[in-house]
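Please prepare a briefing on the model shown below.

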Amino acid sequence: MSTVLPPALSTASEKIRARLEQSPLAGKVEIRDLDIPTLEVFPENWIDLARFLRDDFQCRYDLYLDLAGVDNLRRPGRKTRFEAVVHLHSLENNDHIRVKVLMPDAESPTLPSAIEVWPAANWFEREAFDLFGFQFTGHPNLRRLLCHDAFVGHALRKDYSPGQRWFFTEEDLRWPDWAKDTNVRAGHFETQTLSIGPSHPATHGIVHLIARMDGERIARAETQIGYMHRCFEKMSETHTWNQVIPYTDRLNYVSAMINGVGYVRTVEKMLGIEIPKRGVLIRTILSEFSRIMDHCVNIGANLVDMGALTNFWYLFQNRENIYGLLEACCGARLTVSYVRIGGLAIDVPSDFVPRCRSLLESIPTFIDDVEKLVTNNRILRNRFEGTGVVTREQAIAWGLTGPMLRASGVAYDVRRSRPYDLYDQFDWDVAIAPDGDNFARYLVRIEEMRQSLKIIRQALDVFPQSGPVNSDDWHVVLPPKDAVYHDMESLIYHFKIVMEGIRVPKGERYEWIEGANGELGFYAVAEGGGGPYRLKPRPPCFPAMACFEKIIEGGSISDAVATLGSLNIIAGELER
Amino acid sequence: MFGRGKDLPVSTAAAGGGPADFLTTKLETMIGWARSNSLWPLPFATACCGIEFMSVVSSHYDLSRFGAEVVRFSPRQADLLIVAGTVVDKLAPTLRKIYDQMPEPKWVISMGVCASSGGFYRAYHVTQGIDEIVPVDVYVPGCPPTPEELMYGIFELQRKIQAGEKSRDTRSARFAQANTSAWPTPQQEREEPAAPAAGASRPAGVERP
Amino acid sequence: MSGVIDVSARVPKKLSLSQRLYLPEILGGMAVTMRHFLKNLIRIRNLPTILYPERKRNYSDRFRGKHILKTREDGTLKCVACYMCAQACPAECISIVAGEHPKISYEKYPVVFDIDMLRCVFCGFCVDACPKDAIWMTRDYEMAFFNREEAVFGIDRLREEPGSQVKDGYGYRPYYPGDGTVPPADASSEPVPPGDGERARMRIHGNLPAYRPSAPGVRPGGAP
């Protein structure tokens, strides 16, 4: 394969092309300029390209974001049936890149594991094995991750029927091999293997932690997930573009609006439509309120695990107040389904701005109360400081983003590095902390709540009093109801959108926003039809959960509980 | 006492054997009253409904007003299993084990549509209703149900307890039996795949990718 | 870097003497909780707790609760069984069986309209999709069932009784009072066009008209 020269080159892909031509990989990698530079490579050259991309001084793609498998069975004109689509980010140069590994063998797609290059690839590759059957050579623990162990077949392949279930009993659950033996150390002390979860008060959502305990110390741990795998990606393939929106609400369900905004932005970019300023500002304001809600739940639940129950109730007051606002806008408290492709479902009520302003008065009082109880409390400081430490290099190697990465000292926030939805017009700060322990994450989240309030205040100052919230393209947005009732043309647009779904031009796109947990991206592939061909959300807490077992090794169980709370694992997003 | 649902057969003196049963039925009424007003919930919270359950026990709605303050995460100490959120096939044996570990009398509330029927996840890994696994006493719809809706469900359960139904609802168990006939029993071959989840009929003529 | 705050710089690593002594901080914390406690005790009317079921939270006019099938002035359902709500529903919880209505301007009506409340995710897509203003949502959320069969609501439980008050009021609907939207004209008040035998003749010949104007002045266009 030779390198292809498209007519217009972006600087990033020019730079990569120039560097590749001087490397041994010249001629083996194809570069195309889609929404982000896209490289195509075959499995035999994948690891060399991976090392090149991570280490080359002009590339430095050190943050492994996502691996999405794609089955091209119903996509005519593709080179191979299976592709592994890897998204990477360079913290130094602040750009994203996509690498597609094309696997020619359709019966048993094989490619080498990138785990030595980016340790974050561990669980992403296990998931691709589980859902597509990709064989990653060199992976230390290639087992099913999300589906249960009695599952037969690979669920996201196009020839797998969406409703095909398999019977699973307790005997089918496979424990890791190391868990079966009990070392006997010198001194006649045996270690015990403890199974913490999946139903446990300290495991938020359901996480199954298998820990070998040496007294109180954790000698070795492994996390098993999949207890909440609700098949979001398969459901998105069987529904239309707009029908996916309620499913996105249930991804990160504590901040439901943000997922919806991320998803519809991806589709809107593929369609090439713009939203009016009022709609954008409503989305921004409600997203920031959702971010505050998310941090409230996280800090509250984390402190409950420490035994500090009062803060939970204070922070839930915040949540209830914000619920009142969301419910006034769209009718539901938690799973809002408020966004639509092209705008919002309905406009906000007339008292939206006064409601927001009164929330801006009441929320800081509760945050201040929590800080008074927690920040200088010796007991909590002793439990949080120094536990769950993630160094800067570890955080980057493990693919962390969001408050976890910022608490390890890396100032990467999508709202600052690639501003979207008018974030660059507001004056706000990114909160970081250098230590990387649980206390740093707590402080970062408290500060992020205050920064969110700052953003909302500024957004309310520029909020247009009136105006449309939806794009006026009726191929995408449902026409206004009185037009539908009285006008034939609107009725036809309405009918086509409801019955057949929106026509999105063929192509693919990865769009990313700052979710409450980190970089929330959506990789969407459109192939005609009324719904997505493939939709992969990049879950920000997935790499955090993957590195959890490494963080807690050597610590005590109580530190593990404190750390798990501060990772902000939302099972809906972790396991989609 | 607050539920507004359908009437339930209440154990009255007339329904029993007459004056000789007066003391027994009064005792049963008292026991029913005591049980219904001191439920100890086990929140088997998996997903979004778990967050709404947290709202129910928080200050705005406060379930402890009805005696259910003590949330116990150990099944040995709880009598009300509130399954809040989607149950997937991987979690199903765990749910069954938790249910089996609870001592009698015990009740199950299926909170939310995901727990009651699979919700809108007609998918390859989601249990289409926990009544495939455990007998359910009250189904609370909603996605997620508002906290008042869950409280209404708990009131209905309290009515049921006071009417004398000790543990499993025979109608629910029969329904579970009838609807898992498509699901292979453990004696059957493991290789035989289960039938896909049934759905309401859709009008023909629309293509999906 | 501008715009970046190091939050750990604000919190000194080493605790001060009073903080290390435990008790002063604990007393400070108790001051916070006692303040809340006394505030709630003294002004008990302002308690955040909503004493359901005696008092109910005043949900907004857009609350997505139980569905309701709207009726025309003459009591027939506005629904024409077009299947758009069933198609729009992501949970596939709406089952409709259509029947032919003898009155031409109504044309179709739902013989069966079932919503499985234990599948419905209360997203409101059915309300958005309806072209006839036939399905709304109310603010009623008080539903709990003892078995799954009684959770399937048919027309009898969904229809709005004309003239009677809707329990808890209307919720999510296509238009709200005062926003300038004009609801559809009620077909029951229109005159029936002459030539009623036309339909029978067309049925005999095997072709029915593809589009009937529901209001005078609207030109028949192409079929949807």
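Predicted model: local features only at pLDDT ≥ 70, side-chain atom pairs only at ≥ 80, totals over all residues.

Residues are numbered from 1 along each chain as its sequence is written, while chains are lettered from A and ligands numbered from 1 in the order in which they are written. Chain A has 19 helices and 16 strands; helices (H or I, at least four residues) and strands (E, at least two) are DSSP runs, numbered from the N terminus.

**Chain A as a whole**

- Along the principal axes, the C-alpha atoms of chain A fill a box of roughly 85 × 60 × 50 Å.
- Of the 576 residues in chain A, 58% are buried. A residue is buried if 20 or more other C-beta atoms lie within 10 Å of its own, exposed if 12 or fewer, and partly exposed in between, with C-beta atoms placed from the backbone.
- Among contacts in chain A between residues at least 6 apart in sequence, 66% join residues at least 24 apart. Two residues are in contact if their C-beta atoms, placed from the backbone, lie within 7 Å.

**Domains**

- Chain A is divided into domain 1 (11-137) and domain 2 (232-574), with bounds that come from an automatic or database domain assignment.
- The C-alpha centres of these two domains of chain A lie 28 Å apart, and their contact takes 22 residues from domain 1 and 22 residues from domain 2.
- On the domain 1 side of this contact, β3 (63-71), β4 (82-90) and α3 (121-132) of chain A each supply at least two residues; the largest share, six residues, comes from β3(A).
- That side of domain 1 of chain A divides into 13 nonpolar, three polar and six charged residues. Ala, Val, Leu, Ile, Met, Phe, Trp, Tyr, Cys and Pro count as nonpolar, Asp, Glu, Lys and Arg as charged, and the others, Gly among them, as polar.
- Chain C is assigned domain 1 (13-44) and domain 2 (67-158), whose C-alpha centres lie 55 Å apart.

**Contacts between chains**

- The contact between chains A and B takes 49 residues from chain A and 41 residues from chain B.
- On the chain B side, α2 (48-56) and α3 (92-101) of chain B are the elements that give two or more residues; by class, this side has 24 nonpolar, nine polar and eight charged residues.
- The contact between chains A and C takes 46 residues from each of them.
- The largest share of the chain C side, five residues, comes from α2(C), and by class that side has 27 nonpolar, twelve polar and seven charged residues.
- Strand β13 (residues 430-432) of chain A pairs with β1(C) in the parallel sense over three bridges, and Val430(A) stands opposite Val4(C). Two strands pair if DSSP finds at least two bridges between them.

**Helix α1 of chain A**

- In α1 (residues 11-21) of chain A, Ala12(A), Ser13(A), Ile16(A) and Leu20(A) are buried. They cover an arc of only 90° around the axis, which puts them on the same side of α1(A); the arc is that of the directions from the helix axis to the C-beta atoms.
- Thr11(A), Ala18(A) and Glu21(A), on the other side of α1(A), are exposed.
- The cover over the buried residues of α1(A) includes β1 (30-33), β2 (37-41) and β5 (95-103) of chain A.

**Strand β15 of chain A**

- Eight of the eight residues of β15 (residues 519-526) of chain A are buried, so this strand is largely enclosed by the rest of the structure.
- Strand β14 (residues 507-514) of chain A pairs with β15(A) in the antiparallel sense over eight bridges, and Glu511(A) has Phe522(A) as its bridge partner.
- Four residues lie between β14(A) and β15(A) in their hairpin, where Gly518(A) in the turn has a positive phi of about 150°.
- β15(A) also pairs with strand β16 (residues 534-538) of chain A, in the antiparallel sense over five bridges.
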